[in-house]
Amino acid sequence: MKPARFRYFAPHTITEAAQLLDEQGDEARLLAGGQSLLPLLNLRLARPSALIDLNEIQALAFIHPRNGGLVLGALDTRCYPGAIHW
């Protein structure tokens, strides 16, 4: 089955994403990885009015050292941060 119709947005900044979420209302959904949302869309168990894809927001994809540990951005896709040498 294919998903029901929805509007699709791919903002490039956190501010844009927040504005879109505010404008699109409670029926909008955020998309990052999609592992749980995409199957629900295909089965029409989820029917958002809009999808706001966060994957183009580079400000959310980072790993930074801090206080002897690491701060991971919400969209960082590296599978093993321990492999990064500072």
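Below are some notes on the fold, the overall shape and a few local spots.

## Fold at a glance

Keep in mind that this is a predicted model. The protein chain has 2 helices and 5 strands. Follow the sequence along and you get the order β-α-β-α-β-β-β.

## Shape and packing

The C-alpha trace covers about 45 × 30 × 15 Å along its principal axes. A compact globule of 86 residues would come out with a radius of gyration near 12 Å, whereas the protein chain has 16 Å.

As for the inside, 27% of the 86 residues are buried. If you take the contacts with a separation of 6 or more, 44% of them join residues 24 or more positions apart.

L45 sits in the loop that runs between α2 (37–42) and β3 (50–53). Why does L45 count as exposed? Because its relative accessibility is 63%, and the cut-off for exposed is over 50%.

## A18 and its distance to I52

A18 belongs to helix α1, residues 14–24. With a relative accessible area of 45%, A18 is classed as partly exposed. In sequence, 34 residues separate A18 from I52, and in space their C-alpha atoms are 9.5 Å apart.

How values were computed:
Residues numbered from 1 in each chain as written. Predicted model: local features only at pLDDT ≥ 70, side-chain atom pairs only at ≥ 80, totals over all residues. Heavy atoms only, no water. Helix = DSSP H or I, 4+ residues; strand = E, 2+ residues; numbered from the N terminus. Buried < 20%, exposed > 50% of the residue type's maximum accessible area, 1.4 Å probe, protein only. Rg over C-alpha atoms; globule rule 2.2 N^0.38 Å. Contact = heavy atoms within 4.5 Å.
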